[in-house]
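Here is a friendly walk through some of the packing in this protein chain. Have the viewer open and follow along from one stop to the next.

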Amino acid sequence: MPVSAEGREMKKLIVMLHGVGSSGADLEGLGLFVQQVMPEVLFASPNGTEPFDGGGDAWQWFSLAGVTEQNRPQRVISARSAFDAKLQAIFEQHDVTPGKDRVILLGFSQGSIMALDVLATSRFPLAGVVAFSGRLASPKPYHVAADASALLIHGMADQVIPWSESEAAAAALTEAGAEVETLFEPGVVHTISADGVSQALGYIAERFELDPE
């Protein structure tokens, strides 16, 4: 098992980031499934930082009201402070220190946008990012860590965020120096598929350097 510089076993934490109009509870089932396969892995599935514009018991990371290709990057920038505070609170709750311990951000849709923004800016040391049905909305220039890694998974029948957004994100992050894997799924819509989860599990095990059973 990997150990930290202090000699303790490194913790392994996945933070799951839901899409707009959803809540942390929607990804808890996936977190519990990961724990069944990898019992040593911790997970957190928080609510977004803002109540959903559409009301109800739902959340978002930033508003989509009036969003355009031109103003989306600024919305991501404006969301960073509250988002980072939310992550920091999770790290403290689980006694995790990114860099000394291993952290993966796993996002869906808008959650993927926020996860990829952390990767593109290196605000926290990450073991990796799993981004389902997302896009890279962060403004350039990108400042990725030397060991930056991401798995981008996207359905090619997605009518919410076109799969070409993940294709473009993979190209941009690779150019910036990140190691990027992709899975583009024909016929799959805006969702997390069984094949996507299977691919993600393999990636997580590799990035966490889990010993095979």
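## Asp-117 in its helix

Asp-117 sits in helix α3, which spans residues 110–121. The model is a predicted one, and in it Asp-117 has a relative accessible area of 0%, so this residue counts as buried, the cut-off being under 20%.

Which residues touch Asp-117, once its neighbours within four places in sequence are left aside? They are Val-76, Arg-80, Arg-123 and Ser-138.

## The strands around α3

Helix α3 also belongs to a right-handed β-α-β unit, together with β5 and β6. The two strands of that unit, β5 and β6, run parallel and are joined by five bridges.

How many of the five residues of β6 are buried? Five of five are, and both faces of the strand are covered. Gly-128, Val-130 and Phe-132 are buried on one side, with Val-129 and Ala-131 buried on the other.

## The buried side of α1

Now turn to helix α1 (residues 25–37), where Leu-27, Leu-30, Gly-31 and Val-34 are buried. These residues lie on the same side of α1, because they cover an arc of only 105 degrees around the axis.

What covers the buried residues of α1? The cover includes β1 (12–17), β2 (42–44), β5 (102–108) and α5 (194–207).

## Aromatic pairs

Searching the whole structure turns up three aromatic pairs. One of them is edge-to-face: Trp-61 and Phe-83, at 5.4 Å centre to centre with 80 degrees between the planes. Trp-61 is in the loop between β4 (59–60) and α2 (72–93) while Phe-83 is in helix α2, so this pair ties together parts that are 22 residues apart in sequence. Both Trp-61 and Phe-83 are buried.

Phe-91 and Phe-124 also make an edge-to-face pair, because their ring centres are 5.5 Å apart and their planes stand at 75 degrees. This pair links distant parts of the chain, 33 residues apart: Phe-91 is in helix α2 and Phe-124 in the loop between α3 and β6 (128–132). Phe-91 is buried at a relative accessible area of 1%, and Phe-124 is buried at 13%.

Definitions and conventions
Residues numbered from 1 in each chain as written. Predicted model: local features only at pLDDT ≥ 70, side-chain atom pairs only at ≥ 80, totals over all residues. Heavy atoms only, no water. Helix = DSSP H or I, 4+ residues; strand = E, 2+ residues; numbered from the N terminus. Buried < 20%, exposed > 50% of the residue type's maximum accessible area, 1.4 Å probe, protein only. Contact = heavy atoms within 4.5 Å. Arc of directions from axis to C-beta. Phe/Tyr/Trp six-rings, centres within 6.5 Å; stacked < 30°, edge-to-face > 60°. Pairing = 2+ DSSP bridges. Right-handed = clockwise from strand over helix to strand, strands pointing away.
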